[in-house]
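Please brief me on this protein model.

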Amino acid sequence: MSVNIYAYWGPRKRTAEDLIPQLQAHFRALAAADKRLANWAPLGRSLKKAMASEPIDTSAAGNLLHLLEKGQSKTDMPPRQPIPELGYCISLWNQRRGDVEASTSIHCAACSDFLSQDSQNNACLELNCMAEAKPFGTEIVLALFRSFVEIWKPDWGSIWRDVQEGHPASSREDPTRVQYAFYQQQGLASQQRTVGKEISVPHGRMWVDETVAPILEEI
């Protein structure tokens, strides 16, 4: 079972230093939601190396600045130079704590005239519950989504559940996708992806399909 939260926004020029408070708030929101989302480590070239990685103190500005600079887009040919308009990327995972494999990634500060005008930046959380894991309640998932909206002020975003029934866990063939919630910033042209009932949120509109809640929590 996989539940994914996505938030997207268009070009937004920022310095790495400017992004630190939002990143700190992002990781605080994850930790407050569930203890299984409180510790984050770098991905490794193998599962063994990734599991052995030391967790990063995501409250420390210096650590986040280092991750941003390491994840800055650069030219392919040496000497590799930063490409400011493509922004920064951070990707971390929770080392399968509590039988939940979670990853979070943030692509921010991109400001290219040649990329999407409403989704060249994003903040994502992917939650994969193993057989023995306690599922995340819909109230936790929705609260995290609202936190992402408040922190990143995206143009739009959504919550999906992906199920690959009858396929290996690593397969992406013919996934069944169920949308639980959709957010759109006030004033944007409708994307015609609204679901369920509308709930009140600052600076935008959000819809939640309560009929999906039992499906969302199944393993």
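Buried residues (under 20% relative accessible area with a 1.4 Å probe, protein chains only) make up 45% of the 219 residues. This is a predicted model, where local features need pLDDT of at least 70, side-chain atom pairs count only at pLDDT 80 or more, and totals for chains, interfaces and linings use all residues. Residues are numbered from 1 along each chain as its sequence is written, and side-chain values use heavy atoms, with hydrogens and water left out.

**Overall build**
- The protein has 5 helices and 9 strands; helices (H or I, at least four residues) and strands (E, at least two) are DSSP runs, numbered from the N terminus.
- Their order along the sequence is β-α-β-α-α-β-β-β-α-β-β-β-β-α.
- The radius of gyration, taken over C-alpha atoms, is 18 Å, close to the 17 Å from the globule rule, so the protein is as compact as a globular protein of that length. That rule is 2.2 Å times the number of residues to the power 0.38.
- Along the principal axes, the C-alpha atoms fill a box of roughly 50 × 45 × 35 Å.
- Of contacts (heavy atoms within 4.5 Å) between residues at least 6 apart in sequence, 64% join residues at least 24 apart.

**Helix α4**
- Helix α4 covers residues 138–152, and its end C-alpha atoms are 21 Å apart.
- Buried residues in α4 include Leu-142, Phe-145, Phe-148 and Trp-152.

**Cavity**
- The whole structure holds 1 cavity of 30 Å³ or more. On a 1 Å grid over the protein atoms alone, a cavity is a set of points where a 1.4 Å probe fits but cannot get out.
- The largest cavity has about 30 Å³ of space, a volume being the space filled by probe spheres set on the points, which are joined across faces, edges and corners.
- Its lining residues (an atom within 4 Å of a point) include Trp-9, Arg-12, Arg-14 and Trp-152.

**Second largest pocket**
- A pocket is an open set with protein on both sides within 12 Å along at least five of seven lines. The second largest pocket holds about 260 Å³.
- Among its lining residues are Pro-42, His-66, Lys-70 and Cys-89.
- α3 (61–70) and β3 (88–93) each supply at least two lining residues; β3 gives the largest share, 4 residues.

Notes: Expected span 1.5 Å × (residues − 1). Buried < 20%, exposed > 50% of the residue type's maximum accessible area, 1.4 Å probe, protein only.
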